Amino acid sequence: MNDLLYHAKNLSKSFGAISVLRDLNFAAARNKTHVIIGRSGSGKSTLLSLLAGLDRPTSGTIEFDGAALETRCNEELAQLRREKIGIIFQSFNLLPSWTAVENVEAVLMHSDIAPDARRKKAVALLSELGLGDRLNNLPAELSVGQQQRVAVARTLVNDPKVILADEPTGDVDPELGIEVIKRLVACVKSNGTTLIIATHGLFPLEYADKVWELKDGKLQ
Amino acid sequence: MIADSLTCALRELRRRKLRTVTTVLGNLLAVMTMVMLVSVLLYSRSSKDNVLNNLGTHFLAYVPAPPSASDEGFFADPSRTSLIPLSTVEQINANKSLVLSASGFLLYRLKDIDKKFVHVGGFDPANPAAVNGSSLQKSDIIAGEFIAPGQKGVCLMEEGFALVRQMRIGERFPIGDKSFKLVGVVRPGIRPAKADVYIDHEEARELISTRLGKPLGPFANIVIVEVASSQIQPQTIEWVKTLIPGCMIDTFACYEPAATVMSMGQKSIGILLAVIFAGTVLLMARTHWTAINERWRDIGVLKAIGWTNSQVISQIMLESLLQSAIAGLLGGLAGVIVLVVLPLKNFLGSEIAFSIASSLQMLVAGVVLALVTGLLAAAAPALAAARSTPAESLRR
C-alpha cells in the first residue's frame with residue numbers, strides 16, 4: 001500500500017474568471033496530521049471540497065488511496081464519502097430539523113447496518129463526547145460547542161480513512177478548540193486516520209506533522 | 001432504502017410543521033378549487049345539454065299513401081298515409097343508443113255529426129315520446145288538465161278548435177258514435193303532428209276500427225321518435241328510413257343549431273378544463289418548488305455525508321408525495337362538501353339534480369392529480385439538486 005493517501009498534480013480550480021487554486025502539487029501521507037493555513041478567502045475550503053469529492057477541479061488530478069478522484073462518477077464519490085471520508089464543516093452544517101443523534105446516524109443511513117445497530121453506535125459516540133443527555137435535542141437547542149461535538153461525532157461515526165476539517169475551532173472558545181483538536185489528533189494516532197485541517201486562525205502547530213500555507217492560490 | 005427514505009420524509013414533515021402545513025394548504029386549495037370548478041362546469045354542461053337535448057330531438061315518420069276519393073282516412077300533415085306495424089315501432093324503441101323512446105301515433109280525419117272535419121289524434125299518455133313534443137306535452141295545457149295514462153272517455157282539444165267549436169272544460173264532444181268529456185285545452189304551437197282532438201290511443205283504435213268497419217290491428221300511421229341527443233339526430237333519421245322503406249320524415253330543424261351549440265359548448269368546456277388543470281398543476285408545482293428550494297443546503301449536507309443522488313431524490317419525492325396525498329384527499333373532500341352544501345341546482349336554475357357520484361369521481365381525480373403534480377413538481381428541483389455538486393448545493 002502506498003504511503004500517500006492524497007496525491008495532487010497541477011490542481012487548479014476556477015469559478016468563472018476567478019482563479020482560486022492554481023497548479024497545486026502536493027501529497028498527503030497516511031496517518032499524519034496536515035494543516036493548511038491561509039487567510040480567509042485564500043481557497044482553503046475550496047481545496048478541502050476537492051479533496052472530499054464535493055466539487056471537481058477545473059484542471060489537474062487528485063489521487064485518493066491510489067485511484068483518481070476526479071474521474072469517478074457522482075455515485076462512486078458519494079460511496080467514497082460514506083465509507084472513507086469524514087468532513088467537519090466550518091459552520092458544522094448540521095441538519096436543523098434532525099436531532100443530535102439523528103444527525104450522527106444520517107451518515108449510516110442507506111447502509112447495510114441495521115437501524116438498531118447504527119442508533120447504538122451514534123449514541124455511544126455522542127455519549128463519549130459528553131452529549132449523552134443531549135441526544136434528542138435539535139441543533140438550535142445546543143450550544144455552539146455542543147453542535148461542534150455533534151459534527152465531530154458525525155465525522156467519526158463511519159470510521160473514515162481521512163478527516164477533512166474546515167476551521168474546526170473557528171467558532172468556539174480556545175479551550176474547547178484545543179480539546180477538539182486533541183480528540184481529532186487522538187483519532188489519527190489510534191485509528192490510523194489521516195487528518196487534514198484548514199484554518200485561518202491560530203493552530204497549535206505542535207500537533208501538526210505537516211503545515212502548508214495557501215497564498216495567492218498556491219501552496220507554500 | 002425506501003424504509004430509510006420514508007423515515008426521513010415523515011421526520012421532515014413532522015418537524016417542519018409550518019412548511020408542511022403551508023405546502024399542504026397550498027396544494028389543498030389548488031385541488032379544492034379544481035374539484036369545485038370542474039364539478040360546477042360539468043354540472044352546468046349537463047344541465048345545458050339536457051335543455052338542448054330536449055330541443056328538436058323529435059321527429060315523425062310516416063309513409064305517404066296515394067290520394068283517395070274519400071275524405072276520411074289516415075293523415076299526417078296534408079298527406080294521406082299508409083299504416084306502419086307497431087312491431088317496427090318496438091324495434092325502433094329498442095335501440096337505446098340512438099333512441100330515447102318511440103311511440104305509435106294515430107292521426108285520423110273524419111267528419112263529425114255536423115259534417116265538419118275533425119282530426120283525431122290517438123296517443124299514449126304514458127309514452128314519453130308521445131307526450132314530449134311531437135304532438136303535445138303537459139306544459140301545453142292552458143286550461144284544465146292533461147289526460148292521465150289509462151284515463152278513458154276524455155279528450156284534450158286544440159285551443160283554436162275549442163274556440164271555433166265553443167267548447168268549455170267539462171263539456172262532452174261527440175266523435176263518431178261516442179262522446180268524450182273535454183278535460184283540457186292545449187296550445188301546442190308549431191308541431192309536426194297536430195290534431196284537433198286528442199284521445200287515448202286505445203280508444204282511438206276502437207273508434208277508427210268502428211269507422212273502418214273492421215279491426216285496425218297492431219298498426220299506427222305515424223311513428224313519433226325521441227332521439228337520445230341532438231347530435232345524433234341525422235344518424236337516427238337515416239336508420240329509421242332503413243326500417244320503414246319509403247317513409248317521410250317531419251322534424252323541427254332545431255336539432256341542427258342545438259347540435260352546433262352543444263359542440264361549441266363541449267369545446268369551450270374542454271378549453272376551460274385544460275386551463276383549470278394547467279393552473280392547478282402550476283400552483284402546486286410552485287408550492288413544491290418553494291418548499292424544496294428552502295432545503296437546498298440540507299440536500300448539500302446529505303450528499304456531503306455520503307447520500308447518493310438517487311437517495312436524495314427518493315426522499316424529496318416521498319416528502320412531496322405524502323404532502324400531495326394529504327392535500328389531494330383533504331382538498332377533494334373539502335371541494336365535494338362545499339358542492340354538496342351549495343344549492344347548485346337552484347343557482348343554475350337547472351332541471352337536473354346535482355350528481356354526488358360525479359363529485360366523488362372528481363375527488364379521486366383530485367387525489368391522482370395531486371400525486372402526479374407532486375411527483376412532477378418535486379422531480380424538477382430534485383433533479384436540479386441531484387445534478388449540482390454537493391459544494392454547489394452547500395454554497396447556495
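Two strands are taken to pair if DSSP finds at least two bridges between them. Helices (H or I, at least four residues) and strands (E, at least two) are DSSP runs, numbered from the N terminus. The model is predicted; local features need pLDDT of at least 70, side-chain atom pairs count only at pLDDT 80 or more, and totals for chains, interfaces and linings use all residues. Residues are numbered from 1 along each chain as its sequence is written, while chains are lettered from A and ligands numbered from 1 in the order in which they are written.

The model scores ipTM 0.92 and pTM 0.65. Confidence in each residue is given by the predictor as pLDDT, from 0 to 100. Chain B has a mean pLDDT of 83, with 90% of its residues at 70 or more. Among the elements of chain B, strand β8 (residues 154-158) has the highest mean pLDDT, 95. Helix α10 (residues 344-348) of chain B has the lowest, 70.

Chain A contains an open sheet of six strands with mixed pairing. The strand order is β6-β7-β8-β3-β9-β10 (chain A). Strands β6 and β10 (218-219) of chain A stand at the edges with a single partner strand each, so one side of each has no neighbour in the sheet.

Strand β7 (residues 162-166) of chain A pairs with strand β8 (residues 194-199) of chain A in the parallel sense, over five bridges. Here D166(A) has A198(A) of β8(A) as its bridge partner. Strand β6 (residues 85-88) of chain A also runs parallel to β7(A), joined by four bridges. I87(A) lies opposite L164(A) of β7(A). Elsewhere in the sheet, strand β3 (residues 33-37) of chain A is joined to strand β9 (residues 210-215) of chain A by four bridges, again parallel. V35(A) stands opposite V211(A) of β9(A).

A residue counts as buried if 20 or more other C-beta atoms, placed from the backbone, lie within 10 Å of its own. Five of the five residues of β7(A) are buried, so the strand is largely enclosed by the rest of the structure. In a regular strand the side chains alternate between the two faces of the sheet. V162(A), L164(A) and D166(A) point one way from β7(A), and I163(A) and A165(A) the other.

Helix α5 (residues 144-156) of chain A packs against helix α6 (residues 174-191) of chain A at about 10°, with their axes 11 Å apart. The two helices are therefore roughly parallel (an angle under 35 degrees).

Notes: A residue is buried if 20 or more other C-beta atoms lie within 10 Å of its own, exposed if 12 or fewer, and partly exposed in between; C-beta atoms are placed from the backbone. Axes are lines fitted to C-alpha atoms, for helices over the stretch in contact, and angles run from 0 to 180 degrees between N-to-C directions. Angles under 35 degrees count as roughly parallel, over 145 as roughly antiparallel, 65 to 115 as roughly perpendicular and the rest as oblique.
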